[in-house]
Amino acid sequence: MTAFQEIWAPWLIGPFLWFAGIAGMGSVAYVLLKWIGVEEKRKELSWTLLISMALALVFVIADLSRPWNVASAIMSAVFGGTFGWTRSWMAVGIVLLLTGLLLTLLLALRNSGVKVLAPLTDAKWFDALLALVGIAITVYSGFLIAAAPGVPFWNTPLLPVLWIISASLCAVALVKLMIHHEAMSKAATRYGVALDAAELLAIFALINLALYGGSVAAKQSAHTLAYGELAPIFWIGLVGIGVVIPLLLGLIMLKKENKYLGIAAAVLALIGALLLRVLVLQAGIFEPII
Amino acid sequence: MTRLAHLWDQSRCIACGACIAACNAANYGSATEENKTWRWLRSNIRRVEVLRGPRPMLLLVQCQHCENAPCVTVCPTGASYKDVDGLVKIKPELCIGCKYCMVACPYEARWLDERTGLPEKCMGDECLSRVSQGLLPICVEVCPAGARAFGDLDDPSSEISRRLARSRYVRLLENKGTEPKYFVVVGP
């Protein structure tokens, strides 16, 4: 049996990264839709962002071994000057996730009839901040993993790139599932096809670079995914169901939009994004000491 | 400046496990629960064996008290920090249990104490207390073969400096850029 890392639970941190990606790039999609004047399902979308952000926090807190100490430790670190603002991706993430939670909460309340928030949430700067924080949350969640030197398979600049592609696909999937505006749906199909193709290439690069250029542990991780005990779920679940089928469905829909195919492609893309994160975490292996 | 460091002499070690048992007894009250991270006993020293291949080998691995410690860099709250004596230590009151230090450490030198949620490592509380009183860490004290040494690298007269000066030694995973301060002596 391969000695996978068991420190970060893949089925807790994986969903955390997934929800963070959905909330992150979903926020960008929300802003873009608003800017091009799509009014449809604005309330539902804003609640989806808020719930995703909250679930991301729930999953990451569920993996903490000292959750009762979070508030006190963070306050002590901030006021004691030891908080890792510029040093630790985890610290950066705490700030970004809390900011994201606040912004999406304001947005959800505004779209649920709390009109007093309108001057704040309807401002251009609020949109820009929301989009910026959304991108930052997605990218940070990639760097968080990539910057853990103990696990060589994760130490690649491809991870943040892959994360942003995959989270963008989640945002496209949200649009596909929620917005029925015809022009928007067609645009989502086009973006979805392009992003699926980019994701396929990025996954191929991640595995290939580790297999042929990585350290012993990175090679072993990539081998486990491509040929070893994780290969069935990698090829069938992630590559097949999560990327290739949505890509093929997208290509079909480029000729003629179909509501049901669109829903299927969106759901499969969301499953693929979750599997990607879980598998990358699961495949982590420490470098042999000798 | 003080730079406290550990030395383990592979050529002298008789693999008796006294250091491991003493660490368990001194720092964890001879607790018998399993250290689930390493599937090992509650001790800060991990035994790594290479049984196959041309050169079977035993290695005792523990916190390397790296000059450039990844666990310190990634810690969001500063719970893991490098003290003025050069040792990497943990402030429990600042630890949220994110385990980033554990995945950041290339040596897998930390294990999770499920009772407290703390990522434990060398040195434990008892050894830190001993060192602050000018005594040796327990693993060094009990080694019957004299395979261990501990002291200040910046003091040329310290036991560790004298032994390093006359020995061939390696440091583990040097390519990681961590500047470890755990010296494995491989011969005179």
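**View 1. A salt-bridge network in chain B.** Asp9(B), Arg12(B), Glu159(B), Arg162(B) and Arg163(B) are tied into one network of salt bridges, a salt bridge being a side-chain nitrogen of Lys or Arg within 4 Å of a carboxyl oxygen of Asp or Glu. This is a predicted model, where local features need pLDDT of at least 70 and side-chain atom pairs count only at pLDDT 80 or more, while totals for chains, interfaces and linings use all residues. Residues are numbered from 1 along each chain as its sequence is written, chains are lettered from A and ligands numbered from 1 in the order in which they are written, and side-chain values use heavy atoms, with hydrogens and water left out. Helices (H or I, at least four residues) and strands (E, at least two) are DSSP runs, numbered from the N terminus. Are Asp9(B) and Arg163(B) buried or exposed? Both Asp9(B) and Arg163(B) are buried; buried means under 20% relative accessible area, exposed over 50%, and partly exposed in between (1.4 Å probe, protein chains only).

**View 2. Two salt bridges in chain A.** Why look for such pairs? Side chains of opposite charge can pair when their charged atoms come close. Over all chains, the search of the whole structure turns up 24 salt bridges. In one of these views, Glu257(A) meets Lys176(A), their closest N and O atoms being 2.9 Å apart. Glu257(A) sits in the loop between α10 (231-255) and α11 (259-282) of chain A, and Lys176(A) in helix α7 of chain A, so the bridge ties together parts that are 81 residues apart in sequence. Glu257(A) is partly exposed at 25% relative accessible area, whereas Lys176(A) is buried at 11%. The other bridge joins the side chains of Glu39(A) and Arg42(A), at 3.9 Å from N to O. Here Glu39(A) is exposed, with 58% relative accessibility, and Arg42(A) is buried, with a relative accessible area of 18%.

View 3. Trp8(A), Trp154(A) and Tyr100(B) make up one aromatic cluster. Rings of Phe, Tyr and Trp (its six-membered ring) pair if their centres lie within 6.5 Å; planes under 30 degrees apart count as stacked, over 60 as edge-to-face and the rest as tilted. By that rule there are ten aromatic pairs over all chains. Trp8(A) and Trp154(A) have ring centres 5.9 Å apart and planes at 15°, so they count as stacked. What does this pair link? Distant parts of the chain: Trp8(A) is in the segment before α1 (10-35) of chain A, and Trp154(A) is in the loop between α6 (124-146) and α7 (158-178) of chain A, 146 residues apart. Trp8(A) is buried, at 2% relative accessible area, and Trp154(A) is buried too, at 0%.

**View 4. A tilted pair in chain A.** The rings of Trp18(A) and Phe19(A) have centres 5.0 Å apart and planes at 55°, so this pair is tilted. Trp18(A) is buried, with 16% relative accessible area, and Phe19(A) is buried as well, with 14%.

**View 5. Charges over rings.** A charge sits over a ring if NZ of Lys or CZ of Arg is within 6 Å of the ring centre and within 35 degrees of the ring normal. In chain A, the charged end of Arg277(A) is placed over the ring of Trp163(A), 4.9 Å from the ring's centre. In chain B, Lys91(B) lies over the face of Tyr81(B), 4.6 Å from the ring centre.

View 6. Cys19(B) is buried, at 8% relative accessible area. For Cys122(B), the closest cysteine sulfur is that of Cys63(B), 5.9 Å away and too far for a bond. Cys122(B) is also buried, with 7% relative accessibility.

Definitions and conventions. A disulfide is a pair of cysteine sulfur atoms within 2.5 Å.
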